[in-house]
Structure formats: C-alpha cells, structure tokens
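Keep the model in view while reading.

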Amino acid sequence: MRTIPPAVSFWINAVGYQIVWFAAIIGAGRGLWWPGLIAAAIFILQHIAIGNRHASGRAIDLRLLAVAIVIGTLLDGTVARSGLADYAGDAVTLPSGGAPLWILAMWASFALTLRHSMFILIKRPPIAFVVGAVFGPLAYLGAGRAWSAVILNAPQWQPLAALSFGWGVALLVLALLVRHWSASLKMPIHADAHRAA
C-alpha cells in the first residue's frame, strides 16, 4: 500500500489545521459556533483515516486529542468564567458559561498537529513551553482584533498573562506526554519517521 510522502503529509496536516482555525474564528466572530466544529470533524476524520497508518501512532494522537480537550476546557473555561475574556459565538459551552465548543474544536485539532506538522515542539519540551507562552496569547489577540471572536477584557495584560502561562504549561504537558507515550509504545516521536523505509 502506498503511503503519503512525508512532505505532503506535513502540509496536509498544517494547512488542515489552519482551515479549522479560520473556520472556528471567523464563524465565532459572526456568532456561529458550528463552523469550527464541522471543520474540526472533517480534519480529525481525515487525519485518522489517512494521516497516520500506524495503529500505535493513531492511539497516541487520540490520547492527545482527549487531553487537549480537557486542557482547553480548563484553560478557556477558567478564562471565560473569571471574566478575563469574552468569547463570541458561545451559545454552547462546556461547562455552562465556560469554554465554547468552537474553541474546544480548535484544541482537539491542534493536538493532531503535535506529532505531525508541529513535531519539532515535541523534540524539545522547553521550546514547547516558550512557543505556547508567546504564540498562544498572540493567537487570541489576532482572533479578537481581526474577527472579534475573543474580547480580552481590561486590563488586557491580565488575560494575556493567564493565557501565556496556560498555553506554555499546556504545550509542555502535551510534549512530555507524547515523549512518554512514544517511548512506552516504542514509537518514533515524529509520526512520519516510521515511513522513511
């Protein structure tokens, strides 16, 4: 059976996640929670079907997806309930008044990039922390300023600090989990490493 070349798989994964991000953010900015869920469902199903042919790799990815949803529920739910930020398109949240479903769809989809297009973060967990701490809050700023999907309440440094710390810890935890699960299953950290043969 022919496998997808690693370079093609990389771009399918990276572009697929960006499509989910834009669908979720633009939809939420227009008061719609469901475009992100539909895009995420397509991305996740595609990923499971063709993104990783090794059963152990799929198992790791599905574990990551579940953990990311829990982390997103805790982080974005806390930010929402504390009044640090207001999320648009949040008619449906988990728990009530917490993280909107569209942002949890993004968390689930992001988890499926970690062993694929974002695998470099897994190889160096301290870098994962820094990338999360810097680029996590920047994504919220962009989503808020360009599409009004998130409003970071004043003083703005408070939600940015919370998101920075939360995303840094989240990526560090996810990176360490991938390393642990990969070692226990004797799998390469990078999903395409086993395809090189």
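## Fold and helix packing

The chain's secondary structure amounts to 7 helices and 4 strands. Both are DSSP runs numbered from the N terminus: helices are H or I with at least four residues, strands are E with at least two. Read from the N terminus, the order is α-α-α-β-β-β-α-α-α-β-α.

This is a predicted model, in which local features need pLDDT of at least 70 and side-chain atom pairs count only at pLDDT 80 or more, while totals for chains, interfaces and linings use all residues. Residues are numbered from 1 along each chain as its sequence is written, and side-chain values use heavy atoms, with hydrogens and water left out.

**Overall dimensions.** The radius of gyration of the chain is 16 Å, which agrees with the value near 16 Å for a compact globule of 197 residues. That radius is taken over C-alpha atoms, and the globule rule is 2.2 Å times the number of residues to the power 0.38. Along the principal axes, the C-alpha atoms fill a box of roughly 55 × 30 × 25 Å. Of the 197 residues, 48% count as buried. Buried means under 20% relative accessible area, exposed means over 50%, and partly exposed lies in between (1.4 Å probe, protein chains only). Take the contacts between residues at least 6 apart in sequence: 74% of them join residues at least 24 apart. Contact means heavy atoms within 4.5 Å.

**Helix pairs.** Two packed helices are described by the angle between their axes and the distance between the axes. Axes are lines fitted to C-alpha atoms, for helices over the stretch in contact, and angles run from 0 to 180 degrees between N-to-C directions.

| Helix pair | Axis distance | Angle | Handedness |
|---|---|---|---|
| Helix 1 and helix 6 | within 9 Å | roughly 45° | right-handed |
| Helix 6 and helix 7 | within 7 Å | roughly 140° | right-handed |
| Helix 3 and helix 4 | 8 Å | about 145° | right-handed |

A crossing is right-handed if the near helix is turned clockwise from the far one by less than a right angle, and left-handed if anticlockwise.

The axes of helix 1 (residues 6-29) and helix 6 (residues 125-147) cross at roughly 45°. That makes helix 1 oblique to helix 6. Angles under 35 degrees count as roughly parallel, over 145 as roughly antiparallel, 65 to 115 as roughly perpendicular and the rest as oblique. On the helix 1 side, Trp-21, Phe-22, Ile-25, Ile-26 and Gly-29 meet Ala-139, Ala-143 and Trp-147 of helix 6. This contact has 7 nonpolar, 1 polar and no charged residues. Ala, Val, Leu, Ile, Met, Phe, Trp, Tyr, Cys and Pro count as nonpolar, Asp, Glu, Lys and Arg as charged, and the others, Gly among them, as polar.

Helix 6 also packs on helix 7 (residues 157-184), with the axes crossing at roughly 140°. The two are therefore oblique to each other. Residues in the contact include Phe-129, Tyr-140 and Leu-141 of helix 6 and Trp-167, Leu-172 and Arg-179 of helix 7. By class, the contact has 16 nonpolar, 4 polar and 1 charged residues.

How many residues of helix 4 (residues 101-111) are buried? The count is 11 of 11. Trp-102, Met-106 and Phe-110 are among them.

**Single residues.** Asn-13 sits in helix 1. Its relative accessible area is 4%, so Asn-13 is buried. Beyond its neighbours within four places in sequence, Asn-13 contacts Phe-43, His-47, Leu-112, Thr-113, His-116 and Ser-117.

Gln-46 belongs to helix 2 (residues 34-51). With 23% relative accessibility, Gln-46 is partly exposed. Its C-alpha atom is 9.6 Å from that of Ile-12, 34 residues away along the chain.

Two loops carry backbone details. Ser-148, between helix 6 and strand 4, has a positive phi of about 55° although it is not a glycine. Ser-148 is partly exposed at 47% relative accessibility. A cis peptide bond, with omega about -10°, joins Ala-154 and Pro-155. Pro-155 lies in the loop between strand 4 (150-152) and helix 7.
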